[in-house]
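Here are some notes to read alongside the model, written for someone meeting it for the first time. Please keep the viewer open as you go through the points.

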Amino acid sequence: QVQLVESGGDLVQPGGSLRLSCAASGSSFDTYRMAWYRQAPGKQRELVAAISSSGTTNYLASVSGRFTISRDNAKNTVYLQMNTLKLEDTAVYYCNAAKLIGNWREYWGQGTQVTVSS
């Protein structure tokens, strides 16, 4: 069992930066693929960035070059550094932990609101 708690969401102006954090409780954090998803009003949840247990990353095309996902296994925490924020980045951001154990086992945080507005 993994519990995830996100923090760092806020109201920010276009062009600004935010860093989201996701603290995980439970064991074997370093064996999980960690990811950030987002869901804007009226839209489907989408994968923003992911980092594997070995540190390989991948990004949604629209955030590549602006967002950086990282993990600190000693602190059981995953981060999302978001730079040059745009209006369309406004969404609730969710942390996700996943591991293949026969089937994919997934856990979700409660979400943190990011609002980009002038």
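Which side chain is joined to that of Tyr 93 by a polar contact of 3.0 Å? Point 2 has the reply.

1. Some ground rules come before the details. This is a predicted model, in which local features need pLDDT of at least 70 and side-chain atom pairs count only at pLDDT 80 or more, while totals for chains, interfaces and linings use all residues. Residues are numbered from 1 along each chain as its sequence is written, and side-chain values use heavy atoms, with hydrogens and water left out.

2. The side chain in question is that of Arg 38, joined to Tyr 93 by a polar contact of 3.0 Å. A polar contact is a pair of N or O atoms within 3.5 Å; within protein, one must be able to donate a hydrogen and the other to accept it, and residues adjacent in sequence count only if both atoms are side-chain atoms. Another polar contact, also given as 3.0 Å, joins the side chains of Arg 38 and Asp 89.

3. Where does Arg 38 sit? Look for it in strand 4, residues 33-39. Helices (H or I, at least four residues) and strands (E, at least two) are DSSP runs, numbered from the N terminus. Arg 38 has 5% relative accessibility, so it counts as buried. Buried means under 20% relative accessible area, exposed over 50%, and partly exposed in between, using a 1.4 Å probe and protein chains only.

4. Now for the charged pairs. A salt bridge is a side-chain nitrogen of Lys or Arg within 4 Å of a carboxyl oxygen of Asp or Glu, and by this rule the count comes to 3. In one of them, Arg 38 meets Glu 46, with the closest N and O atoms 2.8 Å apart. Glu 46 is partly exposed, at a relative accessible area of 31%.

5. Asp 89 and Arg 38 also form a salt bridge, at 3.0 Å from N to O. Asp 89 lies in the loop between strand 8 and strand 9 and Arg 38 in strand 4, so this pair ties together parts that are 51 residues apart in sequence.

6. Asp 89 has a salt bridge with Arg 66 as well, where the closest N and O atoms are 2.8 Å apart. Because Arg 66 lies in the loop between strand 6 (57-59) and strand 7, and Asp 89 in the loop between strand 8 and strand 9, the pair ties together parts 23 residues apart in sequence. Asp 89 is buried, with a relative accessible area of 1%, and Arg 66 is buried at 10%.

7. Strand 7 pairs with strand 8 (residues 77-82) over 6 bridges, and Thr 68 stands opposite Gln 81 in strand 8.

Methods
Pairing = 2+ DSSP bridges.
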